Amino acid sequence: MKCRKCGEKAAFNMPHHKLALCREHYLEWLPEQTERTIHKYQMFTRRERILAAVSGGKDSLSLWDILWRLGYSVDGLYIGLGIDGGIQYSDESRRMCEIFAGERGLKLHVVDIPQTYGRNIAQLADATLRGAKKPCAVCGLTKRHVMNRIAREAGYDVLVTGHNLDDEAATLLSNTMNWIPGYLVRQGPVLEAGRPGLVRKAKPLCRFYERETAAYALLRGIEYIYDECPYAEGTKSIYFKEILNKMEADKPGTKLNFYISYLTAKNNGLFSSQADPELEMLHNCPTCGQATTAPGECTFCRLISKSSSNLENERC
Amino acid sequence: MTVRLILRSKMFEVTAGMTVRHSLEKAGVPLESVLAIRAGEMLTEDEILHDGEEIKLVAVVSGG
């Protein structure tokens with residue numbers, strides 16, 4: 001297979017774009033397309049300060065690398081979750097982020113959950129029914145809270161995450177299978193801040209397949225954590241990704257079409273704002289100041305309160 | 001006349017002379033879920049695999 005731009009041997013093929021490229025041209029193509037995505041969805045400008053949430057994985061480190069190469073003002077945020085799983089998962093993922101930032105002279109914020117809140121993610125999950133079976137829901141809740149908090153405290157204009165098209169398509173499929181109106185209305189490349197306490201969020205890699213971001217990381221020589229989170233096995237998102245990949249194998253472009261058609265339909269008014277009444281009724285948490293759907297403390301602050309009282313009981 | 005495909009702790013043996021795409025089908029590994037690497041070089045799905053080669057498969061699907 002030959003590179004469409006130079007005719008040399010191709011390193012990577014994208015059947016859904018009918019495009020094969022050599023290493024050199026692929027490493028040009030992906031940042032160019034990322035820039036187009038940033039402009040298309042008006043994500044941010046070079047005058048704004050960007051905080052990239054990084055996990056040590058292929059997507060977030062590729063995103064940080066691309067934005068840095070494109071000349072954006074972007075720092076990183078790593079959240080240490082205290083996950084070991086026999087592979088020192090959190091320690092290793094933090095090491096990847098620190099190597100990445102160190103090699104490029106970039107600023108990396110680090111928030112260690114066990115140090116900050118006295119418990120790791122699994123222990124926090126044990127304190128609530130949300131984490132009775134798996135800590136993933138509590139992990140997501142914690143990461144969203146901390147990302148927003150650090151972005152606000154440090155004065156960033158926008159928070160970016162490495163969500164790729166497979167992530168977005170799997171979420172969309174899950175929300176569609178369950179017809180969850182609020183989530184279907186809100187999903188998109190940009191989540192505007194909307195009210196005090198929230199920071200604007202953007203997903204510049206939302207139009208790239210997971211395979212494309214992995215190819216970028218490998219071809220660019222980015223060292224990232226290959227191991228999957230020990231808690232990810234058997235998750236719903238992986239189940240939906242596998243289904244979508246079977247469809248993609250039969251018909252290249254299925255995943256891209258599913259997501260892009262959804263965005264178009266949404267922009268054309270498929271969903272009414274009434275479908276998401278929670279968005280109209282947001283309150284500010286009296287403890288942390290972040291937005292919450294019900295009056296009183298937000299879910300995260302209630303989780304921390306409950307976990308702290310459990311910890312005190314254990315000590316008595 | 002075999003080729004070894006290594007995916008994390010798993011190993012698959014396939015017949016030499018097949019393409020990457022065909023070898024993954026034989027091993028039951030979805031093409032969309034991996035990238036194939038031979039001696040540090042990323043391979044497209046039409047690449048022919050030769051006897052004695054060891055191909056590293058990098059998993060690309062993450063979740064959670």
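Predicted model: local features only at pLDDT ≥ 70, side-chain atom pairs only at ≥ 80, totals over all residues.
How much area do chain A and chain B bury between them? The answer is about 2,100 Å², with 53% of that area on carbon and sulfur atoms. The size of an interface is often given as the accessible area lost when the parts come together.

Let me begin with the contact between the chains. Chain A contributes 29 residues to the contact, and chain B contributes 21 residues. Between the two chains, 12 residue pairs are in polar contact. On the side of chain A that touches chain B, at least two residues each come from β1 (12–14), α2 (58–69), α9 (210–220) and α10 (236–250). Of these, α9(A) gives the most, with 6 residues. Sorted by class, that side of chain A holds 14 nonpolar, 4 polar and 11 charged residues.

I turn now to charged pairs. Side chains of opposite charge can pair when their charged atoms come close. The whole structure has 24 salt bridges over all chains, and 3 salt bridges cross the interface of chain A and chain B. One salt bridge pairs A:Lys9 with B:Glu41, with 3.2 Å between the closest N and O atoms. A:Lys9 lies in the segment before β1 of chain A, while B:Glu41 lies in strand β4 (residues 41–43) of chain B, so this pair joins two chains. A:Lys9 is partly exposed, at 38% relative accessible area, and B:Glu41 is also partly exposed, at 33%. Both residues belong to a network of salt bridges that also includes B:Arg38, B:Glu47 and B:Glu53.

Two further pairs lie within chain A. A:Arg95 and A:Glu92 form a salt bridge at 2.8 Å, N to O. They are 3 residues apart in helix α3 (residues 89–104), which means that about one helical turn separates them. The other pair is A:Lys241 and A:Glu210, at 3.1 Å, N to O.

Finally, consider helix α2(A). This helix has 12 residues and spans 16 Å from its first C-alpha to its last, close to the 16 Å expected. Why is α2(A) described as largely enclosed by the rest of the structure? The reason is that 10 of its 12 residues are buried, among them A:Leu61, A:Trp64 and A:Ile66. After α2(A) comes A:Gly71, which has a positive phi near 90°.

Conventions: Residues numbered from 1 in each chain as written. Chains lettered and ligands numbered in written order. Heavy atoms only, no water. Contact = heavy atoms within 4.5 Å. Buried area = accessible area lost by both parts, 1.4 Å probe. Salt bridge = Lys/Arg side-chain N within 4 Å of Asp/Glu carboxyl O. Polar contact = N/O pair within 3.5 Å; in protein donor to acceptor, adjacent residues only side chain to side chain. Helix = DSSP H or I, 4+ residues; strand = E, 2+ residues; numbered from the N terminus. Nonpolar A, V, L, I, M, F, W, Y, C, P; charged D, E, K, R; others polar. Expected span 1.5 Å × (residues − 1). Buried < 20%, exposed > 50% of the residue type's maximum accessible area, 1.4 Å probe, protein only.
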